[in-house]
Amino acid sequence: MRRFQHYIDGEFSDGEASYPSIDPASGTVWAEMPEARENDVDRAVNAAERALYEGPWAKMTATQRSKLLYKLADLVAANAQVLAELETRDTGKIIRETSAQIAYVAEYYRYYAGISDKIEGSYLPIDKPDMDVWLRREPIGVVAMVVPWNSQLFLSAVKIGPALAAGCTMVVKASEDGPAPLLEFARLVHEAGFPAGVVNIITGFGASCGAALGRHPKVAHVAFTGGPETARHVVRNSAENLASTSLELGGKSPFIVFADADLESAANAQVAGIFAATGQSCVAGSRLIVERSIKERFVALLRQKAEAIRIGAPLDMATEVGPLATKRQQDNIGALVERSIASGARLVTGGRKIDGEGYYFPPTILDCDDVASPSLIEEFFGPVLSVVSFETEAEALRLANDTRYGLASGIFTQNLTRAHRLMKGIRAGIVWVNTYRAVSPIAPFGGFGLSGHGREGGMAAALDYTRTKTIWLRTSDDPIPDPFVMR
Ligand code: NAD
């Protein structure tokens, strides 16, 4: 059985406790994970604070930081396959997806390597004589980073990359479910040569490790990805120290298809948008909003594609949909499908967990027209698509915005003036037109409403890991007059 360790203060160490990690494809234990509790968290945060103010990191130039980030990017690229296999093993995300995604993770580190020495301060044209005033941009401080189980290397790269570019130090908490790839990534951080304490990587349970990290008094900022309910705990805990937060949360993203769309392309994008990663994707296009005149044809096309999907072992390159990450997920999704059917939703395909080894659930489609189905409101975080139809553009927009989430959205139409009108009206942080699920280190990513706040990706994300310091310098040699002598 494989054993993993924490990475704290530049050293690999066991946790205060340990726990078994389950292979979701077989439901059996395959590795032992370290578990951080209060003491490990405290050790890691203290190491990050020392590295921030006392160690060699504090004296490094932005160009030197940039070189380390380039080295890390190269190491991620060179080790992408090993990391991908670990992620697939520990979370069930299929190898096709993990290999492609992790190879691309290297590009995020490369992008932020390039940003590191372009974070500039500014000189202010101040309204007083004999005074030079400028802003320095300094690292925001020790950052706590908390990620969920899906795509941990990607979801951490969008935090670690900009935070390192900005000069921060950090404690990264991997999800208790499937932490193997992130714990292994620590070896690359070490090999790249980052000074001890700059990046600390631990794992543990939310209520103990996550909460202890989020409320640690030396943490200046909490960068969190996960569900909205957990985010509320994170915000309450961070309030204790008035630490800032950035929240990347879930979604119930609309996928709008007009009758004039290229239906084959739209169907392929919809299938990828909801069934890739077995639906465990924050941007999953989980609400199909389709023009009524083509609904029957389009849903039949989706059904045909959904039923042709190859479900299988995640390490097999031919597999298109693998297991869910945990039994808890499998049970929750099954229960939500049942509640939706009880509320009147009609099952088009799928709908019941696959019996046998592992946590499999088939691609599922629910027709929810004229039904107040919970599947239109609650996030499944699984391979379940809910369908409603519309007759007018205004109705499509109303349905799209009928959610408290606001992460992503898709519009499929050949009519670009209509697409322009809709993209302005949609309340979501990302609008994809005639495409879906495209991401890039250059493009900001994040949501509205219950999908959180703050943006990851782009230059602005690096600036979010800085704080400004205003410097006033008097340039006159004249003595400063006594303030209490009246003139
Ligand atoms: P979760 O909220 O249960 O857990 C996320 C992380 O928070 C885990 O590491 C967990 O240990 C930790 N945690 C739990 N309680 C905590 C606490 N009190 N204090 C601090 N940390 C705590 O999420 P999940 O179930 O692992 O992941 C699924 C959710 O993540 C979905 O809602 C999904 O949409 C969302 N997600 C969002 C994005 C995005 O970028 N917007 C990306 C992926 C996933």
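The questions and answers below walk through parts of this predicted model. Because the model is predicted, local features need pLDDT of at least 70 and side-chain atom pairs count only at pLDDT 80 or more, while totals for chains, interfaces and linings use all residues. Residues are numbered from 1 along each chain as its sequence is written, and side-chain values use heavy atoms, with hydrogens and water left out.

Visitor: In what order do the strands of the open three-stranded sheet lie?
Guide: Strands (E, at least two residues) and helices (H or I, at least four) are DSSP runs, numbered from the N terminus. Two strands pair if DSSP finds at least two bridges between them. Strand 1 (2–3) and strand 4 (17–23) are the edge strands, each pairing on one side only. The pairing is mixed, and the order is 1-5-4.

Visitor: Which residue of strand 5 stands opposite Arg3?
Guide: Strand 5 covers residues 28–35. Strand 1 and strand 5 pair in the parallel sense, over two bridges. Opposite Arg3 stands Glu32.

Visitor: At about what angle does helix 4 run to strand 5?
Guide: Helix 4 (residues 80–91) lies across strand 1, strand 4 and strand 5. Axes are lines fitted to C-alpha atoms, for helices over the stretch in contact (heavy atoms within 4.5 Å). Angles run from 0 to 180 degrees between N-to-C directions. For helix 4 and strand 5, the angle is about 105°.

Visitor: Is Asp90 buried or exposed?
Guide: Asp90 lies in helix 4. Buried means under 20% relative accessible area, exposed over 50%, and partly exposed in between, with a 1.4 Å probe and protein chains only. Asp90 has 2% relative accessibility, so it counts as buried.

Visitor: With which side chain does the side chain of Asp90 make a polar contact?
Guide: Leaving aside neighbours within four places in sequence, Asp90 touches several residues, including Ile22, Trp30 and Gly178. A polar contact is a pair of N or O atoms within 3.5 Å; within protein, one must be able to donate a hydrogen and the other to accept it, and residues adjacent in sequence count only if both atoms are side-chain atoms. At 2.7 Å, the partner of Asp90 is Ser21.

Visitor: How far apart in space are Asp90 and Leu324?
Guide: In sequence, 234 residues separate Asp90 and Leu324. In space, C-alpha to C-alpha, they are apart by 11 Å.

Visitor: How many residues surround the ligand?
Guide: A residue is near a molecule if one of its heavy atoms lies within 4 Å of it. The closest are Val147, Glu176, Thr230, Leu249 and Glu379. The number surrounding the ligand is 27.

Visitor: How much of the ligand's area does the protein bury?
Guide: An oxygen atom of the ligand is 2.8 Å from a polar backbone atom of Gly227. A polar side-chain atom of Glu379 lies 2.6 Å from an oxygen atom of the ligand. Taken alone, the ligand exposes 850 Å² (Shrake-Rupley method, 1.4 Å probe). Of that area, the protein buries 89%.

Visitor: Which side chain makes a polar contact with the side chain of Asn46?
Guide: Asn46 sits in helix 1 (residues 38–53). Its relative accessible area is 19%, so Asn46 is buried. At 2.5 Å, its side-chain partner is Lys218.

Visitor: Which serine side chain makes a polar contact with that of Ser386?
Guide: Ser386 is found in strand 17 (residues 384–390). At 0% relative accessibility, Ser386 is buried. Not counting residues up to four places away in sequence, Ser386 touches residues including Arg287, Cys368 and Phe380. The polar contact, at 2.9 Å, is with Ser375.

Visitor: What is the phi of Asp130?
Guide: Most residues other than glycine have a negative phi. Asp130 is in the loop between strand 6 (122–124) and strand 7 (131–139). Asp130 is partly exposed, with a relative accessible area of 44%. Its phi is positive, near 55°.
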